[in-house]
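This report describes a protein for a reader who meets it here for the first time.

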Amino acid sequence: GYRMTRQALSKDLGVDAASSEDAEAIKMIAEAIGKRSARLSAVAIGAVIMATGNLTLTAGDAIDDEQKQIIEEEVVDIGVDGSLVEYYPGFEQYIREALREIEGIGEKGEKRIRIGIAKDGSGVGAALIALVAGGTDKP
């Protein structure tokens, strides 16, 4: 059942005699850490979304049916960078689960959020900061 986990323990950590119980415990701990990481990521994502106010309009604010449909279908795009989001099984679902629990986002808001992979996001962010800093006068 835990052949791959035991192989990883042996190869990566030098633990050659790991029992099935050891492997099961390691797997449970790794899953808990992954879920916690996703939930912490969701807090940051949720804070940014709420600060922008992109989810504040609701279908109840619409003046007609056409505007109501546009508001309900309006997507909030979030770009994330990192191999956890890209490769960790279920990571995005853990983020979405946490977003649904945030007051001010909830199930309806979470459905409007599209999470996409932003390759080299930190490099792009650094370039934007340099551009803004270069355009300001020094005190």
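Throughout this report, a contact means heavy atoms within 4.5 Å. With that criterion, and leaving aside neighbours within four places in sequence, G34 is in contact with Y88, F91 and Y94.

**Basis of the model**

The model is predicted: local features need pLDDT of at least 70, side-chain atom pairs count only at pLDDT 80 or more, and totals for chains, interfaces and linings use all residues. Residues are numbered from 1 along each chain as its sequence is written, and side-chain values use heavy atoms, with hydrogens and water left out.

The pLDDT is the predictor's confidence in each residue, from 0 to 100. Its mean for the protein is 84, and 81% of the residues reach 70 or more. Confidence is lowest in helix 3 (residues 65-73), with a mean of 64, and highest in helix 5, with 96. Where pLDDT is low, the predicted coordinates should not be read in detail.

**Overall architecture**

Helices (H or I, at least four residues) and strands (E, at least two) are DSSP runs, numbered from the N terminus. The protein has seven helices and two strands, and along the sequence they follow the pattern α-α-α-β-α-α-α-β-α. Of the contacts with a separation of 6 or more, 61% are between residues 24 or more positions apart.

Accessible areas come from the Shrake-Rupley method with a 1.4 Å probe; for residues, only the protein chains shown count as cover. The accessible surface of the protein comes to about 10,000 Å², and 56% of this belongs to carbon and sulfur atoms. A residue is called buried under 20% relative accessible area, exposed over 50%, and partly exposed in between (1.4 Å probe, protein chains only). Buried residues make up 21% of the 139 residues in the protein.

**The nonpolar core**

A nonpolar core is a set of buried Ala, Val, Leu, Ile, Met, Phe, Trp, Tyr and Cys residues joined through side-chain atoms within 4.5 Å. The largest such core has 16 residues, of which I45, I49, I95, L99 and I113 touch the most other members. Two or more residues of this core come from each of helix 2 (20-52), strand 1 (76-80), helix 5 and strand 2 (113-117). Not counting residues up to four places away in sequence, I45 touches I78, V80, I95 and L99.

**Helix 5 and its surroundings**

Which residues of helix 5 are buried? They are F91, I95, R96, A98 and L99. Seen down the axis of helix 5, these residues fall within an arc of 165°, so they line one face of the helix; the arc is that of the directions from the helix axis to the C-beta atoms. They pack against helix 2, helix 4 (83-87), helix 6 and strand 2.

The structure holds one aromatic pair. Y88 and F91 form this pair, which is edge-to-face, with 6.0 Å centre to centre and 75° between the planes. Rings of Phe, Tyr and Trp (its six-membered ring) pair if their centres lie within 6.5 Å; planes under 30 degrees apart count as stacked, over 60 as edge-to-face and the rest as tilted. Y88 is partly exposed, at a relative accessible area of 23%, whereas F91 is buried, at 2%.

**Individual positions**

G34 is in helix 2 and is buried, with a relative accessible area of 6%. Q93 is in helix 5 and counts as partly exposed at 48% relative accessibility. K119 lies in the loop between strand 2 and helix 7 (121-134) and counts as exposed at 55%. I102 is found in the loop between helix 5 (91-101) and helix 6 (106-111). Leaving aside neighbours within four places in sequence, I102 is in contact with A42, G46 and M50.

| Pair | Separation in sequence | C-alpha to C-alpha distance |
|---|---|---|
| G34 and L84 | 50 residues | 8.4 Å |
| Q93 and A38 | 55 residues | 8.6 Å |
| I102 and V43 | 59 residues | 8.2 Å |
| K119 and V80 | 39 residues | 8.1 Å |
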